[in-house]
Amino acid sequence: MNDASLSRLPQSFLSLPQWNDWQWQVLNQIRSVADLDRWISLSVEEKRAVQNSAGRFQFALTPYWVSLMDPDDFFCPIRRQSIPMDEELRVHPYEASDFKASGIRAANGRLHHSAADRAELFVHSQCAVYCRYCPQRKVTDAATGESGSRLNFATLTDPEWQEALLYLEKHPQIREVVITGGEPLLLNDEILRRIFSGLKAVPSIRTLRIETRVLSVLPQRITPELARILKAVQPVYLVAHVNHPREMTREFCEAARLLSEHDVPLAAETVLLKEINDKTAVLSELFFSLYEKKVRPYRLRHCIPSQGTDHFRTSIAAGLRLIESLRSSLPGLALPEYVAETLGGKIPLRTESVLSRSRKRVLLRNHEGKVFVYPEKVFQVSS
Ligand code: SF4
């Protein structure tokens, strides 16, 4: 917990023994200006943006995550990631309303056969905290559940689960299933146990991977029981989404240690975010600290050009410069790959994968030699 926030936290919360109970944290998610105002000093813009985004974008924060915020600093990297700003409601022409990567979809879209040997299983669509740069925060049509590449109805249903298993059995070339969401670890232990054992019962599935944000926003979820469940289904890799060194609290490190003691290999994915972590010093500290805690920095993702996220995006040129400067200051094992998520899958951003650049567009080549047009961030010079 951030010391600066202690003085402002409602004392009634601080003294609660339930603070370390992940289900209590979820039940007490902060979802309104009135609730948030009790914890931090909100700016006029933040209040307006939270209210104006209602009905278009999801907004929820765990009390734990709010406790990491600097209550008086509008530029605090924790609050910038999760409290809306006016820019979120401005849609730029290049920002997609729908971000559907190529691949085959089965089980009502819950299973995405995204690469020859890999499939993603969307087990749960809700999140503990909604990150303002993520397409998943979009409120979708309840009737259709469509939300870009994701779905907006909570948990995988039984028929969808059976259909997903059937698809996996019929496609033995799939060796790995990536369990994702929303936040897959919001599901309770019993459901997770059932999903893991069902997947491991498919003879061709050799590895599982879980994509999660809980180490940063809800580290209480990594309980000794969950660690034991994960140990029992080895090999299961856990990829934690972490964006800033301030997320690496005592609770984060304790959760990482518990997983590591249970032989769960840990990796980290980071989203490159303008004015949050787009400095060599910030990323160098983040990646080295992760490496030190035995969490391998795996991927630095360029912020997806989804609606209302322009203010979070740097240019690819700036990202390439950053990764080059990190290359000289970090051990190779602590240096993640910089990637862009495109309709043709994730493309590593290296100088040689960038075919050409103009003010508005970058031409990228993927591993198959296919070329994709990717929007470049256009900087306006203010007068
Ligand atoms: S980044 Fe992860 S936790 Fe954040 S909104 Fe997206 S899916 Fe949810």
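Hi everyone, let's start with helix 9, residues 189–200: twelve residues that reach 16 Å from first C-alpha to last, close to the 16 Å expected at 1.5 Å a residue. Helices here are DSSP runs of H or I with at least four residues, strands are E runs of at least two, and both are numbered from the N terminus. The expected span is 1.5 Å times one less than the number of residues.

A quick word on the source: this is a predicted model, where local features need pLDDT of at least 70, side-chain atom pairs count only at pLDDT 80 or more, and totals for chains, interfaces and linings use all residues. Numbering runs from 1 along each chain as its sequence is written, and side-chain values use heavy atoms, leaving out hydrogens and water.

Which residues of helix 9 are buried? They are Asp189, Leu192, Ile195, Phe196, Gly198 and Leu199, with buried meaning under 20% relative accessible area (1.4 Å probe, protein chains only). Their cover includes strand 3 (118–124) and helix 11 (224–232).

Now, the domains. The chain is divided into domain 1 (3–89) and domain 2 (104–356), with bounds from an automatic or database domain assignment. Domain 1 gives 31 residues to the contact and domain 2 gives 38; contact means heavy atoms within 4.5 Å. The centres of the two domains, taken over C-alpha atoms, are 23 Å apart.

And salt bridges? How many are there between domain 1 and domain 2? The count is three, each a side-chain nitrogen of Lys or Arg within 4 Å of a carboxyl oxygen of Asp or Glu. Glu88 and Arg137 also meet in a salt bridge, at 2.8 Å, N to O.

Terms used
Buried means under 20% relative accessible area, exposed over 50%, partly exposed in between (1.4 Å probe, protein chains only).
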